[in-house]
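Student: Could you take me through one part of this model in detail, namely the place where the two chains meet? I would like a connected account that I can follow residue by residue.

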Number of protein chains: 2
Amino acid sequence: VSSIVGCAFCEAEGGRVVFRHAKFRVVHASEPNFPGFYRLIWANHLAEFSDLSATDQLLCMQAVTAVEQALRQVCQPSKINLASFGNVVPHLHWHIIARFVWDTHFPQPFWGEAQRAVDATRLHQLQNQLPVLEKVIVEKLTQLNT
Amino acid sequence: VSSIVGCAFCEAEGGRVVFRHAKFRVVHASEPNFPGFYRLIWANHLAEFSDLSATDQLLCMQAVTAVEQALRQVCQPSKINLASFGNVVPHLHWHIIARFVWDTHFPQPFWGEAQRAVDATRLHQLQNQLPVLEKVIVEKLTQLNT
């Protein structure tokens, strides 16, 4: 694995690790108002999706899709949001976010302006789903390996 | 092609069409301060990336990657930003954006807060690259068909 001194995703996990593959890890982003926010972080320090080989591009998106499918199956979000920016940390990572019409920012992106106050009851219900959700995430990602 | 009444991307192109494939189109987003902003819009009305078949997921990301590679080759951006949200228009589309350290929002996403004023000179230089860029986009996407 190539590693760069000073890179936040080379030097730290970037969240609570849920699954580790030789080529990537999936972490819970631990954003307080967005419990259904995970990140897939590529192991090697590459900046852009197109820096991956065609084989690794396929693996990467199969893994992103597996997380998306687990979120849809367990949490039934209003929408899934996917994004790969890396303007601040230019180390390839995908944001995979379950969005709900009641969340603080909907329909704005996570990076946009808040639209309403926190719905503590629904947030708590969603947080309670995480153990089941993460079991399904691990199952789906484990199947990718075989 | 499945179509939904009232869907902005079923009823209109969503930008200036640069390339049309049977299963998707690529449009120039025509965002004034972001000339290097394209969208890949799936032809069928589907909400989520994981609603695509595995074959279409691969085709979709190969096309996104082709646009990304053309942007990198011609415009040499500081970073590429990719995103699929659809909170406002739940019809599968990918934002593919060439970002520059001098653009109004860097390192914030396009959807975040502006960081500085427009650099009219550099913006004009980038706009001047679009004809060459779009020739390369079309070449790369045409190769996907064969």
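**The interface between chain B and chain A**

Tutor: Between chain B and chain A there are 22 residue pairs in polar contact, counting pairs with both residues at pLDDT 80 or more, and it should be kept in mind that this is a predicted model. On the side of chain B that touches chain A, the elements that give two or more residues are α2 (54-75), β4 (79-84) and β5 (93-99) of chain B. Of these, α2(B) gives the most, with 7 residues, and by class that side of chain B has 15 nonpolar, 10 polar and 6 charged residues.

Charged side chains also meet across the interface, where the count is 4 salt bridges between chain B and chain A; one of them is formed by R72(B) with D51(A), whose closest N and O atoms are 2.9 Å apart.

Taken as a whole, the contact draws 31 residues from chain B and 31 residues from chain A, and the two chains bury about 2,700 Å² between them, with 54% of that area on carbon and sulfur atoms. Within chain B, the residues that lose the most area to chain A are K79(B), F85(B) and N87(B), which together account for 23% of what that side buries.

Conventions
Residues are numbered from 1 along each chain as its sequence is written. Chains are lettered from A and ligands numbered from 1 in the order in which they are written. This is a predicted model: local features need pLDDT of at least 70, side-chain atom pairs count only at pLDDT 80 or more; totals for chains, interfaces and linings use all residues. Side-chain values use heavy atoms; hydrogens and water are left out. Contact means heavy atoms within 4.5 Å. Buried area is the accessible area (1.4 Å probe) that two parts lose on being put together, summed over both. A polar contact is a pair of N or O atoms within 3.5 Å; within protein, one must be able to donate a hydrogen and the other to accept it, and residues adjacent in sequence count only if both atoms are side-chain atoms. Helices (H or I, at least four residues) and strands (E, at least two) are DSSP runs, numbered from the N terminus. Ala, Val, Leu, Ile, Met, Phe, Trp, Tyr, Cys and Pro count as nonpolar, Asp, Glu, Lys and Arg as charged, and the others, Gly among them, as polar.
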